[in-house]
Amino acid sequence: MKLPPFLCYYFVPAIVMHNKMKTHTLILVLAILALSPAQAQTDWKFNTDKDGIKIYTSILPESKVKAVMVEGTFNATPEQLVALLMDVNTAADWLYHTKSSSLIKQVSANELYYYSEINLPWPVHNRDFISHLIVTRDPDTKVVTIAGPTVTGLVPQKQGVVRITDATGKWIITPTGNNQIKVEYSIHLDPGGALPSWLVNMFVTEGPVKIFEGIKLQLQKRGYKNSVLASIGN
């Protein structure tokens, strides 16, 4: 991490040509900084379908970085997935390239603040962020929504780590019966620093697929089967 951010802007494209594997990893990680989930968009365009995981993208007028939405199904209940996503201290065990993830403040069973640092390959600086997760459930449809915008403060900035301050997201979890759920996950973020937006957009659909694959594996490994959401209001 010795290069200043403005030099990274010029050297990263050269590294793309020299070492595609490292660059692919970088962009994948930036795309999944997410357990910080995004605002719903109305102009989603279908991008790809990989093993039942559908990817959509949207170009926002105020940003050079595409927003992404992912759709998929899980053999789980809303309670199980919420328990997994709110178990932020274990995110580093399964979320790709997460260096650390730790709870800052547990407001209630359905609201918390957490800090996470993402490990990126040289010469790009690591990123970190602070997210505020809030879980709500519609009392009639039983659809669960998890909003997770980034917030400022709470944790001092680290030297050599770029703080992400502009990321918004949303998980929408819809029960479909027989212990199955439909999940919509949308994310838009500014990774910060002098990173070319075209480079981020090139691989922006890879990260969300990795998230869904990781969730499926994690739901099988950990004991979330007895999780409940009885305390969630509307």
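1. Glu-117 is buried in this predicted model. Its relative accessible area is 4%, and a residue counts as buried because that value is under 20%. Glu-117 is placed in strand β5, which covers residues 111-118.

2. Which residues does Glu-117 touch, once its neighbours within four places in sequence are set aside? The contacts are Thr-98, Lys-99, Ser-100, Asn-126, Arg-127, Asp-128, Lys-158 and Val-161. Several of these names return in the points below.

3. The side chain of Glu-117 takes part in polar contacts. With the side chain of Asn-126 the distance is 2.9 Å. With the side chain of Lys-158 the distance is 3.0 Å.

4. Glu-117 also forms a salt bridge with Lys-99, where the closest N and O atoms are 3.8 Å apart. The 3.8 Å separation qualifies because a salt bridge needs the nitrogen and the carboxyl oxygen within 4 Å.

5. Lys-99, in contrast, counts as exposed, with a relative accessibility of 51%. Lys-99 gets that label because the cut-off for exposed is over 50%.

6. Lys-99 and Glu-117 belong to a network of salt bridges together with Lys-158.

7. How many salt bridges does a search of the whole structure find? The number is five. One of them joins Glu-117 and Lys-99, as described above; others are taken up next.

8. Arg-163 forms a salt bridge with Asp-128, and the closest N and O atoms are 2.7 Å apart. Arg-163 lies in strand β8 (residues 161-163) and Asp-128 in strand β6 (residues 126-137), so this pair ties together parts that are 35 residues apart in sequence. Both Arg-163 and Asp-128 are buried. Asp-128 is also one of the residues in contact with Glu-117.

9. Glu-184 forms a salt bridge with Lys-182, with 3.5 Å between the closest N and O atoms. Glu-184 is partly exposed, at a relative accessible area of 21%. Lys-182 is partly exposed as well, at 34%. Neither residue counts as buried, because that label requires a value under 20%.

Conventions. Residues are numbered from 1 along each chain as its sequence is written. This is a predicted model: local features need pLDDT of at least 70, side-chain atom pairs count only at pLDDT 80 or more; totals for chains, interfaces and linings use all residues. Side-chain values use heavy atoms; hydrogens and water are left out. Helices (H or I, at least four residues) and strands (E, at least two) are DSSP runs, numbered from the N terminus. Buried means under 20% relative accessible area, exposed over 50%, partly exposed in between (1.4 Å probe, protein chains only). A polar contact is a pair of N or O atoms within 3.5 Å; within protein, one must be able to donate a hydrogen and the other to accept it, and residues adjacent in sequence count only if both atoms are side-chain atoms. Contact means heavy atoms within 4.5 Å. A salt bridge is a side-chain nitrogen of Lys or Arg within 4 Å of a carboxyl oxygen of Asp or Glu.
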